[in-house]
Amino acid sequence: MTIPAPAFTLITPTATMSSAVHGGRAKCLQRLVRLEMPVPVTVALSFATVRAIAAGQMPEMGDLLAPFGPAPLLSVRPSSLDPDWGGPGAILNIGMTDSRHETMCAAIGERAATALYLRFIQSWAIHVARLDPEAFDLPDTPSRDALRAMLAAYEAETDERFPQSIAHQLSEVLRSMARAWEGTSARLLRQARGAPADAGLGLVVQAMALGVGAGESGSGVIQFVNSATGSPRIEGRYLSQSQGRDALGDGAAFHLTGAEGHPSLEDLAPDAFAELMRYGAAIRARLREEMQIEFTLENGALRILDGVRVPRNSRAAVNIAVALARDGVIAREDAVLRVAPAAISELMHRQVDPAATRDVLVTGIGASPGAASGRIVLTAEEAQAAAARGEHCILMRRETTPEDIRGMHAASGVVTVRGGITSHAAVIGRGLGLPCVVGAAGLDIDRRSGIVTTPEGRVLQVGDIVTVDGSSGEVLAGEPMLLEVALDGASAEILDWADEFRDIGVRANADTPRDAATARNFRAEGIGLCRTEHMFFEGPRIGLMREMIFAEEAEDRRAVLERLLPLQREDFAEIFRIMQGRPVCIRLFDPPLHEFLPSDKAGMRELAEGLALPLSDIEARVEALQEYNPMLGLRGVRLGVTVPEIYDMQARAIFQATVIAGEAGDPVVPEVMIPLVSAHREVELVRTRVDRIAAQVKSESGRDFAYRLGVMVETPRAALRAAEIAADAAFLSFGTNDLTQMTYGLSRDDAGRFMSAYVSKHVYEEDPFHSLDLDGVGELLKIGAERGRLGRPDITIAICGEHAGTRRAIEFCRAQGFDYVSCSPFRVPAARLTAAQAAIRERRTAAADDAD
């Protein structure tokens, strides 16, 4: 069965073509033709045609071959929408047959003609006939004997003669490449690179420019910037008597310029080199991109075979986009759109060198990007001791708890067996900019013996060196080469431009003065979530918290909290000073009290000694505070209502710090946020006490100040009752970590055990703790925002969960009219860029609609 014409398009300056129909390579070749560059005759097959070929519907070969004239030699290359999605490799010299070989021996010489035929037989055997590659290795010297041997090997493997019809050869090459693209492995690979499931493949059939034969003939590749830095530099290679991209892999290849003191194309063929320089400048100006040009010389005549985007790492991508904008080649908006937010994130962290050998011990979830090497430690105390000795260490735990925070501060990286993208280790790791891998299932940690066993049975000991790659989720043996942080002036410039275009605020989640300084350096517009409980694990504070927990009466609790008050006050004052008048949203105490108590016998004995209490009393109190489901138990506002002394102390510390910071600098308007609210009455009770404390501090200090009180919406009921809650709230900030947990009825720390199975079986589109669920959780956000505005039209609406730094969440929040998003400090630059890109795309879409 044949496909009705037109199944393919001859590439001419006026042909109707687009990247969305024929792929990026085909469209680029048309642009080169329009620039009157010497591109060989080329025909493009559309995505639809290639899909039909994969299904067994072949275009009419006579019509397809007609533009190339009699007895052509051809190449076929893939043309997908995005070259990063991969695709089948190019196949050259289609049309080589026994008779064509004899003809070419007379025209270009026996050695050159035989080399062409051998290369085609090899490509056909491996990629079309799918034969064992070992039987088709190219000989060192192309000869008739070698050719006869390879043809005989093909016939022995297939029981048939090597195809002698160009129509048959071309049709089978097209069929093979089309089916390779549709294969399961290829589909999964390109989806992992960001391609949609239904991504199409185009193919381009091009007349060969041989690169072999009489006169100066060869092939080469040239680009005009460095792929690692993006800085201007002529790079590439040229190899005489070669084809395709052979020059890049041959040590005998020439440099392109003579600047480095080597033989060069510039010396060998100065006219062709000058042409390439002119073409490079024209391509940059007209295609508005840094391109890599594949070319051939055939008896001194230059042919341009292909043009692709210069391969580039994240640093080069930023520098190239900025340079193009500075030179007026593209607009600033385009420069912002061309930089992936992930590239900015990558530049902020050390990375494993892509060229390094990776000895993978275990793979989990990359929860906090970057890479770090160090010696294995298994406890927070060991991590602190290593830091004191000046040693880098990797903290490995079954899971982390708030007690591990000091160890996490001391470690260079963290690995946990349990947990997901919003687990304790993941959240703290991102806040600290600490490489972190969670959910490393199958890793067995024996703390007593100091041994860690991998899923494959490899045994590691405390002190062994490992590397955490929080970007890929892999834990590696040893210490591979790491690339250093590469943020530079171009990165700052692209983010400055992004700030010009974005229309939603970006704040940071920052729990300590150190976090606040990081947020400030990354140009966060304020702090959207300051989790005060993390302050209580520093130094002597945890001892005071434990003493407060064991106090029987309110007066005794207040006495202990009075000793904590100056410590909290100084923390808040320092954060206010760092943020220089920018808004700071402080969440009142949230976690259940049992998190501050030791869980093992040794810790309980130490606590008993510190409090001068019998061990039995400690054990009884710890047992009494245990809950079946502490995340749904006595925590958040429930503690504020039942043990109000804690919130009283925190409110006093916040307002006294407001006075101190206001005297030293810009006026501070603190935002006090009540966590885990589910009822309006909870807000009324807490607000009454907070207002009273504020009045007392104003009276005691003789200073007036403003403050805002709001609610962290983490329960579905709070979202549904947002109208009445808003009556006593200046802002609603959605905490999507807990809101997702409660909406799904999932434990975020345990979901990793089955989440991959759920995603692979399409129960969930993606892990809802990693990617915001727009249908369920998103609907609650929408309802909560709408009802909150009904209750109070001027209310501020925000999101402060870990989702907040993702593109999906930022685009959703913009669409719902949220005022800001708040994410981990190290995610702020990428969030600023993402927000700008969303705004630019929306404006361009609206402009296009208006034009229609």
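Predicted model: local features only at pLDDT ≥ 70, side-chain atom pairs only at ≥ 80, totals over all residues.
**Cavities**

The structure holds five cavities of 30 Å³ or more.

| Cavity | Volume | Nonpolar lining residues | Polar lining residues | Charged lining residues |
|---|---|---|---|---|
| Second largest cavity | about 50 Å³ | five | five | one |

Start with the largest cavity. Its lining has 15 residues. Nearest its centre lie Ile428, Leu432, Asp511, Asp515 and His534. Two elements each give two or more residues to this lining: helix H16 (405-410) and helix H17 (424-432). H17 gives the most, with four residues.

Now the second largest cavity. Its lining includes Ser75, Arg77 and Leu92. The run Gln206, Ala207, Met208 and Ala209 also lines this cavity. Gln243, Gly244, Thr296 and Leu305 complete the list. Here the elements that give two or more residues are strands: S3 (74-80) and S5 (201-207).

**Helix H6**

Helix H6 covers residues 110-128, 19 residues in total. From its first C-alpha to its last, H6 reaches 26 Å. That is close to the 27 Å expected at 1.5 Å a residue. An α-helix has 3.6 residues a turn, so residues three or four places apart point the same way. After H6 comes Arg130, and the phi of Arg130 is positive, near 60°.

Note on methods: Residues numbered from 1 in each chain as written. Heavy atoms only, no water. Expected span 1.5 Å × (residues − 1). 1 Å grid on protein atoms, 1.4 Å probe; cavity = no way out; pocket = protein on both sides within 12 Å on 5 of 7 lines; lining within 4 Å. Points joined across faces, edges and corners; volume = space filled by probe spheres on them. Nonpolar A, V, L, I, M, F, W, Y, C, P; charged D, E, K, R; others polar.
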